[in-house]
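Subject: Handing over a structure

Dear colleague,

I am passing on the structure below, and after it I set out what was found in it. Please read the notes with the structure open beside them.

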Amino acid sequence: MNNSITQYFREEMFPHIWCPGCGNGIILGAILRAINSIGWEKDEIVMVSGIGCSSRITGYVDFNTMNTTHGRALPFATGIKMSNPNLKVIAVMGDGDCAAIGGNHFIHSARRNIDITAIIINNMIYGMTGGQYSPLTPTGKFGSTAPYGNIDQTFDISALAASAGASYVARGNIFDVNQTTRFIKKALLKKGFSVVEVISDCPISFGRINKLRTPVQMLEWIKSITVPKTTWEKLSEEEKEGKIPTGEFLDINIPEYTDKYQEICIRVQQGRREK
Amino acid sequence: MTDKNKTVKILQGNEACVEGALLAGIRFFAGYPITPASEIAEGMAIRLPELGGVFMQMEDEIASMAAVIGASLTGVKAMTASSGPGICLKQENIGFAAITEVPCVIVNAQRGGPSTGLPTKPAQGDVMQARWGTHGDHSMIALAPSDVNEILHITIKAINFSERYRTPVMLLLDEVIAHMREKVNIPTNEEVEIIDRKKPTVDKENFLPYKADQDLVPPMANFGSGYRYHVTGLIHNEKGYPTANTKEIDQFLRRLTNKIELYKKDIIIEEKFLLDDARIAVIAYGSVARAAQRTVKLAREKGIKAGLLKLVTLWPFSDDTINQLAGQVDLMLVPEMNLGQMVREVQRAAEGKCRVVSYGRVDGELINPMEILSKIEEESKYE
């Protein structure tokens, strides 16, 4: 087996647009290693993205790819999966993309438990547009539109996905990339709506305004704020302040949406309205 | 009935739209509840599982439009239906369908607006939105049937146009014909002409997803068929990749418009009624066109030489027919259930060759034949 992830690249699209030190490349690598270890064919994979730095991922990989509108990756992915359930559908989103403008689609995709893997690159900022605060910017941190500090509460999108009806939910970070790769692989193989949130960095748009100017400073900060779930559970409320738990939060097997729809079709074609 | 193959049914306009769509091959529908279009979703919810197709009620109108485009990319014919407020929300992804050239049909059962407006009453206030609703340069096909039987047949046309030209097509109903029940001749599958999008003929290695043929339309591969490519709402080159090359940008945007505008003779559907010797032409579309047809007959009985040009295709616009007609008649009267939208197009196309008068009604009632006749009589005094 060819273990090189370069086999999945559209090399003519390089160099990529991401800034030095950006976590997007690390996460793309993790996704491709997960795909490679499963052994899926390029032809059967559809990768869909929304808008923002994260969305450029779809341009760089040699699958059936789609760079859609802001926040809408999941409904596009839903149309694809429903009309061809054999395809392996992956949606890659940023934090503003997924949790702000796409928040409703995210909740309802989880609620349907449709067999799509959602990967959320959470760099806690709108990077492409220059560092405006997002629903995942920590309270008190700065953004170009939060020059006096962010007063908003942050979403816990992993908890949101779990409570909305997903089958698999995990949160990793770009520091422990092997763990993140394992989470992504499990998510890809899960029949149902699976979510992997990856805590990422943005030295340019988040770091500079928050005194974390270099990629190394940002990585060390991410390492310092992320805590394994088992450790997190033992912390006091005070100790939890400013920390983010990582790990697997949900891994269940429940009926999946395209399967349920297929059952309806069979039942209706047999002339039965009810079960 | 003597011919066993002919099926005649009494259908509601929205039901006729469902029948036409299924005959034309629609196998994916995503929608969101809204008056006066909900019966289309309800009909699809019943019928599509019978045919192994997909019906989805999405979380909102934006998602419905997105799902339709996603489905179409896998090679399935897909449509959605809504009304004013929902059509506003769909505009974002209608633009995406236009720039990515993904075939799909959007039904707008028009109600009064703006905003929530008059949910249960008819209007024709969205005809300009149909053309220019999403931002940026693009062309658009919009069709407006005027009775229930015509809804079935024009729905089939709309789907065929979307496939032929790889473009979103807007089907404009209004609350009157969407909810009215009338006799509909349902054709057999064999009688229905079906147009499918072109598929690539080159091998996978040489496939350029946005390289157009002579007719300015690129062949389209299904996701999952082995022709892997990139679909993006950014301006892209023939490879489908984002471009900042001014030449490529210019070529792309001109092609996007020209692939429709240069073929408008094949797209424009219009009907002429008593126009040969007419001195007064009524230009009408949608449910108003049938009132106008009656008006013209009544006018003739009174010795007024009136005729009707019924526009079924609203976009691209019938410039040539109107311009020619303007050279023949003294007056063009444009009755619309809005405060004068298409009349501006008529004025533009007439180039001052005749007088063009608007008759607009926006009180939630449909326009009846007698009021158009009164307007004709009033305007005749000036001739």
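**A strand inside the sheet of chain A**

In chain A, strand β5 (residues 168–173) and strand β8 (residues 244–251) run antiparallel and are joined by four bridges. Within this pairing, Y168(A) has D251(A) of β8(A) as its bridge partner. Please keep in mind throughout that this is a predicted model.

With strand β6 (residues 194–199) of chain A, β5(A) pairs in the parallel sense, over six bridges, and here R171(A) stands opposite E197(A) in β6(A). β5(A) is mostly covered, since six of its six residues are buried. In a regular strand, side chains alternate between the two faces of the sheet. In β5(A), Y168(A), A170(A) and G172(A) point one way, whereas V169(A), R171(A) and N173(A) point the other way, and all are buried.

**The sheet as a whole**

Which strands make up the sheet, and in what order? It is an open sheet of nine strands with mixed pairing, and the order is β7(A)-β8(A)-β5(A)-β6(A)-β4(A)-β3(A)-β1(A)-β2(A)-β10(B). The edges are held by β7 (226–228) of chain A and β10 of chain B, each of which has a single partner strand, so one side of each is left without a neighbour in the sheet. On average, and with direction ignored, neighbouring strands of this sheet are turned by 20 degrees against each other. Helix α3 (residues 73–83) of chain A packs on the sheet, where it touches β1 (45–49), β2, β3 (88–94) and β4 (116–122) of chain A, and its direction makes about 175 degrees with that of β3(A).

**Where the two chains meet**

The strand of chain B in this sheet is joined to chain A as follows: strand β2 (residues 64–67) of chain A and β10(B) run parallel, with three bridges between them, and N67(A) stands opposite T232(B) in β10(B).

The contact between the chains takes 34 residues from chain A and 35 residues from chain B. On the side of chain B that touches chain A, at least two residues each are supplied by β2 (26–31), α2 (38–50), β3 (54–57), α3 (61–73), α4 (84–100) and β10 (230–232) of chain B. The largest share of that side, nine residues, comes from α3(B). Sorted by class, the side of chain B that touches chain A has 21 nonpolar, nine polar and five charged residues.

**Each chain on its own**

Chain A has twelve helices and eight strands, and 50% of its 275 residues count as buried. Its radius of gyration is 19 Å, which agrees with the value near 19 Å that a compact globule of 275 residues would have. Along the principal axes, the C-alpha atoms of chain A fill a box of roughly 65 × 45 × 35 Å. One of its helices, α12 (residues 257–269), has 13 residues and reaches 18 Å from its first C-alpha to its last, close to the 18 Å expected at 1.5 Å a residue; α12(A) is followed by G271(A), whose phi is positive, near 85 degrees.

Chain B has 13 helices and 16 strands, and buried residues make up 55% of its 383 residues. For chain B the radius of gyration is 21 Å, in agreement with the value near 21 Å for a compact globule with 383 residues, and its C-alpha atoms fill a box of roughly 70 × 50 × 45 Å along the principal axes.

With kind regards

Methods
Residues are numbered from 1 along each chain as its sequence is written. Chains are lettered from A and ligands numbered from 1 in the order in which they are written. This is a predicted model: local features need pLDDT of at least 70, side-chain atom pairs count only at pLDDT 80 or more; totals for chains, interfaces and linings use all residues. Two residues are in contact if their C-beta atoms, placed from the backbone, lie within 7 Å. Ala, Val, Leu, Ile, Met, Phe, Trp, Tyr, Cys and Pro count as nonpolar, Asp, Glu, Lys and Arg as charged, and the others, Gly among them, as polar. Two strands pair if DSSP finds at least two bridges between them. The expected span of a helix is 1.5 Å times one less than its number of residues. The radius of gyration is taken over C-alpha atoms; the globule rule is 2.2 Å times the number of residues to the power 0.38. A residue is buried if 20 or more other C-beta atoms lie within 10 Å of its own, exposed if 12 or fewer, and partly exposed in between; C-beta atoms are placed from the backbone. Axes are lines fitted to C-alpha atoms, for helices over the stretch in contact, and angles run from 0 to 180 degrees between N-to-C directions.
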